[in-house]
Amino acid sequence: MIVKITDYGKADGKNFVEYCISDLDLNQIEFLDGNLNEETRIEEDVLNLKLYFDDRLYPFQSDAAQLRLDDFIAREEIEMNVFLSGFLEDM
């Protein structure tokens, strides 16, 4: 599984992070799409996942995040990969 952050920021007053999840088989994509409570959409063989965060939980709000943005993005991608891998174990 490959997890990449494709967009993040604030829209309509809500903090969000959008992930592109690839390198999954169709059964895994459909399982995640049908069982995650977050906003999802499937485009060909890729699952797009959009999460919304409260201000206090939003990972990109700190000054440290702005100074080391690549590190924060990489950490978020790894954490989402671990979360989704665990979620797929229930498949």
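In this predicted model, the largest nonpolar core holds 22 residues. Inside this core, Tyr19 and Ile21 have the most contacts. Who supplies the residues? At least two come from each of β1 (2–11), β2, α1, β4 (46–53) and α3. The biggest share comes from α3, which gives five residues.

Now let us follow two residues. Val17 sits in strand β2, which spans residues 14–22. Is Val17 buried or exposed? Its relative accessibility is 0%, and because buried means under 20%, Val17 counts as buried.

The table lists what each residue touches, leaving out neighbours up to four places away in sequence.

| Residue | Residues in contact |
|---|---|
| Val17 | Ile5, Asp7, Tyr8, Leu49, Lys50, Leu51, Phe53, Tyr58, Pro59, Phe60 |
| Ile21 | Met1, Ile2, Val3, Asp45, Val46, Leu47, Leu49, Leu84 |

Finally, find helix α1 (residues 26–35) and helix α3 (residues 69–88), whose axes come within 11 Å and cross at roughly 95 degrees. Angles of 65 to 115 degrees count as roughly perpendicular, so α1 is roughly perpendicular to α3. Which residues meet there? From α1 come Gln28, Phe31, Leu32 and Asn35, and from α3 come Leu84, Phe87 and Leu88. Five residues of this contact are nonpolar, two are polar and none is charged.

Methods: Residues are numbered from 1 along each chain as its sequence is written. This is a predicted model: local features need pLDDT of at least 70, side-chain atom pairs count only at pLDDT 80 or more; totals for chains, interfaces and linings use all residues. Side-chain values use heavy atoms; hydrogens and water are left out. Helices (H or I, at least four residues) and strands (E, at least two) are DSSP runs, numbered from the N terminus. Buried means under 20% relative accessible area, exposed over 50%, partly exposed in between (1.4 Å probe, protein chains only). Contact means heavy atoms within 4.5 Å. Axes are lines fitted to C-alpha atoms, for helices over the stretch in contact, and angles run from 0 to 180 degrees between N-to-C directions. Angles under 35 degrees count as roughly parallel, over 145 as roughly antiparallel, 65 to 115 as roughly perpendicular and the rest as oblique. Ala, Val, Leu, Ile, Met, Phe, Trp, Tyr, Cys and Pro count as nonpolar, Asp, Glu, Lys and Arg as charged, and the others, Gly among them, as polar. A nonpolar core is a set of buried Ala, Val, Leu, Ile, Met, Phe, Trp, Tyr and Cys residues joined through side-chain atoms within 4.5 Å.
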